[in-house]
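This report covers a two-chain protein model. The sequence and structure come first, and the notes follow.

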Amino acid sequence: MITDFGLPAFWLLVKATRWTIYLSLIAFVAGGMAGFIVALLRTSRSAIVRNIVAVYIQIIQGTPVLILLFMAFYGLALFGIRLGPLVAATIALMVYSSAYLGEIWRGCIEAIPRAQWEASESLAFTRWQVLRHVILPQAFRISLPPTVGFLVQLIKQTSVASLISLIELTRSAQLISNATFEPLKTYLAAAAIYFVICFVLSRYSQTLERRLNVSR
Amino acid sequence: MYNFSFRPVIANFDLLLSGALLTLGVTVAAIVLGFVLGVLCAVARAIGPRPLAAIVAGYVEAIRNTPFLVQLFIVYFGLPAIGIQLTALQAGIIAMVINLGAYSAEIIRAGIESIHRLQLEAASALGMTRWQMMRHVVLPPAIENVYPALTSQFILMMLASSLLSAIALNELAGRAVTLESLTFRSFEIYSVVALLYIALTLLFKGLFRAIGYMSFRRWRRLGQSGAAR
């Protein structure tokens, strides 16, 4: 039984942080793959496809992550799909990331001058070849700073998974706060851990931005 | 096979609407106060004394690199430890203002930096004080330049207000949780609530476009092209 918020309690928080990191990474990879498809469809030649994907993005960006999470956790259970908190949180955050990363990457693809498309097409490249050899390598470079920036958003959003009882950093802070009756210290400690992770990434994103600007 | 039943949702729709209204209310309050805080912080960083600018920079970084949910918990559960007891509504709005203030400060700072140095030199040649320069020369075009980013941030704040349900506030998400535990119609309730949030998002988008159109003369001259940026 913990009586006050000391080093042992802080160590528990640090250990719970790995679930925050796991969840962030899984959701980032899965959301990144879905977001890549969203970005490609969003820049497709067919106006119908572009519009359908635009509506998808509008819907996801207009819905709180909390509601996406509750839909995955409580909503899908009704169809006989019982998901653990980790899977539900992964699905919700993947859907969330796919919309935001899709929009970010669409911007990066569209930032490549149209003349390059035309030049490649005049070399008889197929659409996929143009993307693969000309557009995406350049778009990838531009996309790095905002993508790392989004990862920071995603790490912060994983705290919402505490509300479906996934014992990541925020949830374990709640549990420790209930055991120690020291909510201020506990939540400040949790905030400090989030800060260390996110601040490093934010700075890295700024560094990338500066470096890319110089070389352009 | 699952049978959809929207009847419990329809029967309690007034409950959801009152929740949506509360979401609207706290968001508008947070936007107004958060915007003012953001402007003050951005100005403090631009022309304030160095210690003040450093404190503001620390505040902005601390808020932007920690989750809103944890900030909310610090305000609601943490502050009573130092003798500040707040209701869920007060704590929710304060946390939103603190959060939005930091993000708007950063966005407005980018706007201030987008103003050309020559304009400042011209203004100081006219004998303006630093505050007059900010007020008349820098801030109006700076805010106009970052207005789209600012309004996206406001809408993100509206969506984040759903987390106020975690401190038992009866806004839209809170109502959804209550209704879910009464009826167990999770999928139906959360999909209707998602639609209500999307409606709120579209409402705010329209509102901000109208406010932008009324506030910025250049937008009126250029028509939609300014607003589309």
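## Salt bridges, fold and interface

At 25% relative accessibility, Arg45(B) is classed as partly exposed; buried means under 20% relative accessible area, exposed over 50%, and partly exposed in between (1.4 Å probe, protein chains only). This is a predicted model, in which local features need pLDDT of at least 70 and side-chain atom pairs count only at pLDDT 80 or more, while totals for chains, interfaces and linings use all residues. Residues are numbered from 1 along each chain as its sequence is written, chains are lettered from A and ligands numbered from 1 in the order in which they are written, and side-chain values use heavy atoms, with hydrogens and water left out.

Arg45(B) forms a salt bridge with Glu106(B); the term means a side-chain nitrogen of Lys or Arg within 4 Å of a carboxyl oxygen of Asp or Glu. Arg45(B) sits in helix α2 (residues 13–47) of chain B and Glu106(B) in helix α5 (residues 88–113) of chain B, 61 residues apart. Helices (H or I, at least four residues) and strands (E, at least two) are DSSP runs numbered from the N terminus. Glu106(B) is buried, at 16% relative accessibility.

Over all chains the count is 9 salt bridges.

| Pair | Closest N and O atoms |
|---|---|
| Arg42(A) and Glu103(A) | 3.5 Å |
| Arg45(B) and Glu106(B) | 3.3 Å |
| Glu113(B) and Arg109(B) | 3.5 Å |

Arg42(A) is buried at 15% relative accessible area, and Glu103(A) is partly exposed at 24%. Arg42(A), Glu103(A), Arg106(A) and Glu110(A) are linked in a network of salt bridges. Glu113(B) and Arg109(B) are 4 residues apart in helix α5 of chain B, so about one helical turn separates them. Glu113(B) is exposed, with a relative accessible area of 56%.

Chain A has 8 helices and 0 strands, and 47% of its 216 residues count as buried. Its C-alpha trace spans about 75 × 50 × 20 Å along the principal axes.

The interface takes 35 residues from chain A and 41 residues from chain B, contact meaning heavy atoms within 4.5 Å. The two chains bury about 3100 Å² between them, 77% of it on carbon and sulfur atoms; buried area is the accessible area (1.4 Å probe) that two parts lose on being put together, summed over both. Leu78(A), Leu184(A) and Tyr187(A) supply 18% of the area that chain A buries against chain B, more than any other three residues. There are 0 salt bridges between chain A and chain B.

Leaving out residues up to four places away in sequence, the contacts of Thr170(A) include Leu69(B), Val70(B) and Phe73(B). Gln174(A) is also found in α7 of chain A and is buried at 13%. Beyond its neighbours within four places in sequence, Gln174(A) is in contact with Ser162(A), Tyr187(A) and Phe73(B).
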